[in-house]
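Welcome, and please have the structure open while you read. This briefing takes the topics one group at a time.

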Amino acid sequence: MSSVAMQIFNGISLGSVLLLVAMGLAITFGLMRVINMAHGDLIMIGAYVTYLMQVIFVQYIPEQFFDWYFILAIPAAFIIVAGIGMLLEFTVIRHLYGRPLDSLLATFGAGLILQQLIRTIFGAPNVGVQSPSFLQGSLEIFGLYLPFSRLFMIGLVIVCLGGLFIYLYRTRQGRRVRAVMQNREMATCVGISSRKVDSLTFAMGAGFAGVAGCTLTLIGPIGPTIGLNYIVDAFMVVVVGGVGALTGTVIGALGIGVFNTFFEYWTNASMGKVLIFALIIAFLQWRPSGLFSMKTRSLD
Amino acid sequence: MKKYKWGIALFSTVFILSACAAGDEAADTGFGEASAGEDELSDSEENSEEVVVDEDSIPVGLLHSLSGTMAISETSVRDAVMLAIDEINEDGGVLGKEIVPIVEDGASDEPVFSERASKLLQQDDVTAIFGTWTSASRQAVKPVVEEHNGLLFYPVQYEGMESSPNIFYNGAAPNQQIVPAVEWLFDNVGDSFFLLGSDYVFPRTANQIIQAQLDDLGGEVVREEYTPMGHTDYNTIISHIRDTDPDVIFNTLNGDSNVAFFNQLADAGITSDDVTVLSVSVAEEEIRGIGAEVLEGHLASWNYYQTTDTPENETFVSNFKEAYGENRVTGDPIEAAYFMVYLWAQAVEEAGSTETDAVREAAAGITFDAPNGPVEIDGDNQHVYKTVRIGEVQSDGQFEEVWNSGEPVKPDPFLENYDWAEAIQ
């Protein structure tokens, strides 16, 4: 019994990782329809921002404040990676809207450039980040061990999602974003600057990739090529959830997380991956546009 | 349209800048290529410099991944080979001639490895190649050196079950790393083993060996798990570890997965006091990426550590740091890459020529005082006698040796001297 409960927690925690990784892509790919292959590399930059923050703290800040580096790294990663995303949008992507194959190649190339840039600055070997002390160890209840880092990630995902929902559905700016994404011509007709909206939305998607990179330092490696580990998962979640539907992304991530964990528990890690992909293929036969598909009146 | 061009121009500027910067650093960080794809089209940077090979010099090939996923590990090995070549040249070279290294990039891609190997052997006329890391890349080069009758010097521990007249294996065979480690763990830690590895040939063969050996010793494998390369979520594996409660986790994970595994193990509150993890692919270089604090107290089995206490090692470590920077660390494959150049040089001196058959004949029984202790080439299988060492990770990221075999162990790649190993392919 307790092992089933443990696996449910593991599933939710894997789901939260997937959701973090996919949230940015749900915006850039889901809402904006840019096949953003640089997403994984934006995650990687977020991880390096965290590393940089740690280095700065070790060198310049008294030791008792060390744990704060992580708290500060989250907004820093968001802002810096959003900035890089904005630059990327301004230089490359804005010229390629509506040309998915070109944007696929261009963002892939941009991703390679980012990788090489990081290699040049930080070197090819992996770097290590020490988790803040308050996230080490685990909470023990009813014979279950719940690592603090995982609980923190679940909490962070909820906060990010909440923020995103409020932004998109409760603010004027968010309404503009939705308007442009649903019907660009009509939105520009009523006086919305689609340029500005594109730029901000892409930057926000990139920013969430940065946050994901920051939290992934708690559980995984940090190296110039880690983006590759996450890019497939991210696309998988967005496609299963339904392109353009944030609710779908959430349910898709949790579903894949829980199913993957149980498959892995019953078989093994390689087989679990095979089964989850088989399940997704079968699922997409049944619902080609994913769990939730956005119905609009646009003719695209 | 204008803005579009401007954007392209800006990005290509960034790109060129980063490529140039990478080039500047190539000497000390050991990578100079912008990308693997570009590299296949044009010759690698090192190669574009004119390599002068004349009567007074001996060309040798260096074939490692300097780009792609394996670049992390292989650039350091390349550095070690270069250090040994420089040292030998300073002492007057081989047969009175200067050794000229010709560096090629395998780009972490097996077809590139075999193509570059035949380029080295045919076009550059080298007779010896120092290189490769993964078993897949070694096996890609193997038919090439056999066809052209060249020599490959291989620096990494591997799964054994292989022998070629054209390859000298300088890393540990299974009986110089895995078998003694299992025996030591069985005697000193406990008899229930959890086997965890990446899903490819080395861990699967290694675990087959461990399983057979434990059956013979009377130990038990409580579970065997493999994860795909690059796997990052170990929660489920950790649940299995809790369920089965083993004494030992024998870890053959490779690459990045180690970071995820050890971090999550520590987060789950499992320390080296609860269960001992012994790794065979975690050396000093990897510890820096994983973090010493989560590895502290866990074990590794190798033939060499940076802390190995020999006078040769003291010189080696200080020379390596002097050449490549104070913050660099050495490790087992780096040390093997270093001494294998010396073994080759001695064999050439002995043979009086660089011709492959003569060198092979002369190589049998050649000895050298390597940083890990004395090593000797076994003429029967072209592996190397070396000392086995088990080390414990300390808080500073270095190993403290807890056991060694006392004397160099005879290599036995096919485990012929072990009755229990008969069924293993």
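The model is predicted. Chain B has 15 helices and 15 strands, and buried residues account for 54% of its 425 residues. Of the contacts in chain B between residues at least 6 apart in sequence, 70% link residues at least 24 apart.

**Where the chains meet**

- Contact between the chains involves 45 residues of chain B and 42 residues of chain A.
- On the side of chain B that touches chain A, the elements giving two or more residues are α1 (2–29), α4 (71–90), β7 (220–227), α9 (235–244), α10 (257–267) and α11 (284–290) of chain B.
- Which element gives the largest share of that side of chain B? The answer is α1(B), with 11 residues.
- Sorted by class, the side of chain B that touches chain A holds 17 nonpolar, 18 polar and 10 charged residues.

**Helix α14 of chain B**

- Helix α14(B) covers residues 332–351, which is 20 residues, and at 1.5 Å a residue these should span 28 Å.
- Just after α14(B) comes Gly352(B), which takes a positive phi of about 75°.

**Two helix pairs in chain A**

- Two packed helices are described by the angle between their axes and the distance between the axes.
- For α1 (residues 2–31) and α2 (residues 39–60) of chain A, the axes come within 10 Å and cross at roughly 130°.
- The crossing in which α1(A) passes α2(A) is right-handed.
- From α1(A), the contact uses Val21(A), Gly24(A), Leu25(A) and Thr28(A), while α2(A) brings His39(A), Leu42(A) and Ile43(A). These residues divide into four nonpolar, three polar and no charged.
- For α5 (residues 148–170) and α6 (residues 172–182) of chain A, the axes come within 5 Å and cross at roughly 75°. Because of that angle, α5(A) is roughly perpendicular to α6(A).
- In this pair, Tyr167(A), Leu168(A), Tyr169(A) and Arg170(A) of α5(A) meet Gly174(A), Val177(A) and Arg178(A) of α6(A). The contact of α5(A) with α6(A) has four nonpolar, one polar and two charged residues.

**Positive phi in loops of chain B**

- Most residues other than glycine have a negative phi. The next two residues are worth a look with that in mind.
- Thr132(B) is not a glycine, yet its phi is positive, at about 70°. Its place is in the loop between β3 (128–131) and α6 (135–148) of chain B.
- Is Thr132(B) buried or exposed? With 29 other C-beta atoms within 10 Å, Thr132(B) is buried, because 20 or more is the cut-off.
- Gln382(B), another residue other than glycine, has a positive phi near 60°. The loop that holds Gln382(B) runs between β12 (373–377) and β13 (384–385) of chain B.
- Gln382(B) has 23 other C-beta atoms within 10 Å, so Gln382(B) is buried.

Terms used. Residues are numbered from 1 along each chain as its sequence is written. Chains are lettered from A and ligands numbered from 1 in the order in which they are written. This is a predicted model: local features need pLDDT of at least 70, side-chain atom pairs count only at pLDDT 80 or more; totals for chains, interfaces and linings use all residues. Two residues are in contact if their C-beta atoms, placed from the backbone, lie within 7 Å. Helices (H or I, at least four residues) and strands (E, at least two) are DSSP runs, numbered from the N terminus. Ala, Val, Leu, Ile, Met, Phe, Trp, Tyr, Cys and Pro count as nonpolar, Asp, Glu, Lys and Arg as charged, and the others, Gly among them, as polar. The expected span of a helix is 1.5 Å times one less than its number of residues. Axes are lines fitted to C-alpha atoms, for helices over the stretch in contact, and angles run from 0 to 180 degrees between N-to-C directions. A crossing is left-handed if the near helix is turned anticlockwise from the far one by less than a right angle, and right-handed if clockwise. Angles under 35 degrees count as roughly parallel, over 145 as roughly antiparallel, 65 to 115 as roughly perpendicular and the rest as oblique. A residue is buried if 20 or more other C-beta atoms lie within 10 Å of its own, exposed if 12 or fewer, and partly exposed in between; C-beta atoms are placed from the backbone.
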